[in-house]
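Student: Could we go through this structure together, one piece at a time? I have not looked at it before.
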Amino acid sequence: MEMLLTGEPISAAQALEWGLVNRVVPAEQLDAEVQKLASTLAAKPPATLAAGKRAFYQQMDLGLEQAYALASGVIAASFAHDEGRAGIDAFIEKRPPPKH
């Protein structure tokens, strides 16, 4: 709200402190950091990642109880897919999950 009302820019450190960004890196490391995040996401099970993304946006307009119910349902449903079961098996066996 402060940014909206004052129109004043803030530093990257302030944006991080306020929770507006997840991380701050020097400009020369930006491409490498973006690639690292993209690679991490690309290695995740696509159906599970898509379901999580959909649920995130769906729950934004819900009350707390409804949001928790939606998230719980999505999480439970993810275990019904082969991707989810493979991830759980990997966790239990203390090994990396299969690549997708």
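Student: How exposed is Arg-23, buried, partly exposed or exposed?
Tutor: Arg-23 counts as partly exposed because its relative accessibility is 45%, where buried means under 20% relative accessible area, exposed over 50%, and partly exposed in between, with a 1.4 Å probe and protein chains only. Before going on, please note that this is a predicted model, in which local features need pLDDT of at least 70, side-chain atom pairs count only at pLDDT 80 or more, and totals for chains, interfaces and linings use all residues. Residues are numbered from 1 along each chain as its sequence is written, and side-chain values use heavy atoms, with hydrogens and water left out.

Student: Which side chain does Arg-23 meet in a salt bridge?
Tutor: The side chain of Arg-23 forms a salt bridge with that of Glu-33, at 3.5 Å from N to O; the term stands for a side-chain nitrogen of Lys or Arg within 4 Å of a carboxyl oxygen of Asp or Glu. This pair links distant parts of the chain, 10 residues apart, with Glu-33 in helix H3 and Arg-23 in the loop between H2 and H3. Helices here are DSSP runs (H or I, at least four residues), numbered from the N terminus.

Student: And how many salt bridges does that rule count?
Tutor: The count comes to 1 salt bridge.

Student: Where is Trp-18, then?
Tutor: Trp-18 lies in the loop between helix H2 (12–17) and helix H3 (30–42), and it counts as partly exposed because its relative accessibility is 36%.

Student: What about Pro-26, where does that one lie?
Tutor: Pro-26 is in the loop between H2 and H3, and with 37% relative accessibility Pro-26 counts as partly exposed. The C-alpha atoms of Pro-26 and Leu-4 are separated by 26 Å, the two residues being 22 apart along the chain.

Conventions:
Helix = DSSP H or I, 4+ residues; strand = E, 2+ residues; numbered from the N terminus.
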